[in-house]
Amino acid sequence: MSFRHPLGQESVYDDVLPSERIDLHRRTAEVLERRAGEGQGSALGVAELAHHWPEAQVWTKALPSAVQAAREAAVVTGFAEAYGQYRRALDAWGHVPDASARVGTSLATLQQEAAEGAHWAGDTAEA
């Protein structure tokens, strides 16, 4: 389903019950993940996954997708996007018992990357 105007989308989204929202985000992320596995993914798809997994509260997938999206955005100098994704990753970190193993880095390293992203995005106070 597509909407002509963001306000139409927002209006419909606001009418969906919270439990239904979680399910919609989960199903959307599953479709995006399947497409990526079939070679139909893109950098935008990675960012979309990083949005939908935390909204679906699937933290074990939210964390690595946010880290990947952050790093991919930073490579193409999308520092504001990268910083937003790092914040998502840091929010998800506490929900994942083996977080360090899942993303192959320590919390301290992830925090440093996030601080660098904030700096390059112009948010020096947050950095």
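Glutamine 85 sits in helix α5; helices (H or I, at least four residues) are DSSP runs, numbered from the N terminus. The model is predicted, so local features need pLDDT of at least 70 and side-chain atom pairs count only at pLDDT 80 or more, while totals for chains, interfaces and linings use all residues. Residues are numbered from 1 along each chain as its sequence is written, and side-chain values use heavy atoms, with hydrogens and water left out.

**Exercise 1.** Decide whether glutamine 85 is buried or exposed, and list what it touches.

Solution. Step one: the relative accessible area of glutamine 85 is 1%. Step two: buried means under 20% relative accessible area, exposed over 50%, and partly exposed in between (1.4 Å probe, protein chains only). Glutamine 85 is therefore buried. Step three: not counting residues up to four places away in sequence, glutamine 85 touches Ala47, Ala50, Ala66, Ala69 and Ala70, where contact means heavy atoms within 4.5 Å.

**Exercise 2.** Describe the surroundings of serine 65.

Solution. Step one: serine 65 belongs to helix α4. Step two: its relative accessible area is 8%, so serine 65 is buried. Step three: leaving out residues up to four places away in sequence, serine 65 touches Val46, Leu49, Ala50 and Trp53. Step four: a polar atom of the serine 65 side chain lies 3.0 Å from the backbone oxygen of alanine 62. Step five: glutamate 48 is 17 residues from serine 65 in sequence, and their C-alpha atoms are 9.1 Å apart in space.

**Exercise 3.** Check the length of helix α2 (residues 18–37) and find where its buried residues lie.

Solution. Step one: the expected span is 1.5 Å times one less than the number of residues. Step two: His25, Ala29 and Leu32 are buried in α2. Step three: seen down the axis, the buried residues of α2 fall within an arc of 65°, so they line one face of the helix; the arc is that of the directions from the helix axis to the C-beta atoms. Step four: Ser19 and Gly37, on the other side of α2, are exposed.

How values were computed:
Helix = DSSP H or I, 4+ residues; strand = E, 2+ residues; numbered from the N terminus. Polar contact = N/O pair within 3.5 Å; in protein donor to acceptor, adjacent residues only side chain to side chain.
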